[in-house]
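Take a look at the fold below. We start with a hairpin, then follow the strands, the helices and the charged pairs.

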Amino acid sequence: MSTFATLSRARISSASLLSASRTSCARLCARRTAALTAQLRFYAKPVKKGSKGKESEDVPSGKHGKGVSTDALIPASQRIVSSDEYKSAEGKMQGVLDWFRKEVAALETRATGRVTPAVLAPVRVKVLGAADVRGVRLEEVATIGVKEGTTLIVTVFEEHTLKYVEQAIYEAKLPGITPQRVDSRTIKIPIPKPTVETRNALYTTATRQAEDARVQMRKHHQALLKKEEIGKHSADFSTYQALNEKFTCELDKILAHLKKTTG
């Protein structure tokens, strides 16, 4: 009985060793297969002649490759200044600056003692039926001449507009300007030689107009920022801010030049 048990145990042990050996061999084969697979090299399939279109799609190289166009790589600052909204705001702010430059030119003319029709450029006449609520320019309802180099002569086209013209000259609040009726169609305006007080008053007028121009510029600038959804902490804010600073700087230069002239 003991001999039989011993043989049985030997068989079981041999079977276990055989199974373990088979498992070990299987693992070893799996490792070798994985290693060989990793070392395999894959080569592109040869392209048949006459299939240039397919070749260009598979291998995007040289002129046939789908490269990135350099036109799309535009700096952010250049992209901003070339936008329609930016150009529109820039044009409106330029219009405000041109208006201020024209007003200052008329004031400078008066400060130097020269008498020209440009002295009455700020006058706006409110006549019945005018499309603009601010009124029309004086040149549209009357002629302006210079007499003896010291007096302006305003002659209206129609008699009923004389009172509107006279009222408009008063409302313009031009320093030293006092209209005097001559007849039913004519007003004369003596222009006194500019004094220190007159020059100071002219500069004060220009300062007030400069502030009005700044307000208009800020409105256009704020409208631009709102349309483009740009905040103070936005990455592109400095580019937009430079637009406002550019026109404000130009305005300050014009005002400084007038101060030098009137001083």
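**From hairpin to helices**

Strands β3 and β4 form a hairpin, with three residues between them. In its turn, Glu 148 has a positive phi of about 55°. The model is a predicted one: local features need pLDDT of at least 70, side-chain atom pairs count only at pLDDT 80 or more, and totals for chains, interfaces and linings use all residues. Residues are numbered from 1 along each chain as its sequence is written, and side-chain values use heavy atoms, with hydrogens and water left out.

β3 covers residues 142–147 and β4 residues 151–156. The two run antiparallel and are joined by six bridges. Two strands pair if DSSP finds at least two bridges between them. Strands (E, at least two residues) and helices (H or I, at least four) are DSSP runs, numbered from the N terminus.

Now the helices. Helix α6 (residues 196–228) and helix α7 (residues 237–262) pack with their axes 10 Å apart, at an angle of about 170°. Axes are lines fitted to C-alpha atoms, for helices over the stretch in contact; angles run from 0 to 180 degrees between N-to-C directions. That angle makes α6 roughly antiparallel to α7. The cut-offs are under 35 degrees for roughly parallel, over 145 for roughly antiparallel and 65 to 115 for roughly perpendicular, with the rest oblique. The α6–α7 contact has 14 nonpolar, six polar and six charged residues. Ala, Val, Leu, Ile, Met, Phe, Trp, Tyr, Cys and Pro count as nonpolar, Asp, Glu, Lys and Arg as charged, and the others, Gly among them, as polar.

Helix α4 (residues 84–111) also meets α7: their axes come within 10 Å and cross at roughly 5°. α4 and α7 are therefore roughly parallel. Their contact divides into 13 nonpolar, six polar and five charged residues.

What about the charges? Side chains of opposite charge can pair when their charged atoms come close. The structure holds eight salt bridges. Each is a side-chain nitrogen of Lys or Arg within 4 Å of a carboxyl oxygen of Asp or Glu.

One of them joins Lys 227 to Glu 85, with the closest N and O atoms 3.7 Å apart. Lys 227 sits in α6 and Glu 85 in α4, 142 residues apart. Lys 227 counts as exposed, at 54% relative accessibility. Glu 85 is partly exposed at 32%. Buried means under 20% relative accessible area, exposed over 50%, and partly exposed in between (1.4 Å probe, protein chains only).

Lys 246 and Glu 90 meet in another salt bridge, at 3.1 Å from N to O. Lys 246 lies in α7 and Glu 90 in α4, so the pair ties together parts 156 residues apart in sequence. Lys 246 is partly exposed at 40%, and Glu 90 is partly exposed at 25%.

Between α6 and α7, Arg 214 bridges to Asp 252. The closest N and O atoms are 2.8 Å apart. Arg 214 is buried at 18%, whereas Asp 252 is partly exposed at 33%. Both belong to a network of salt bridges that links Glu 211, Arg 214, Arg 218 and Asp 252.
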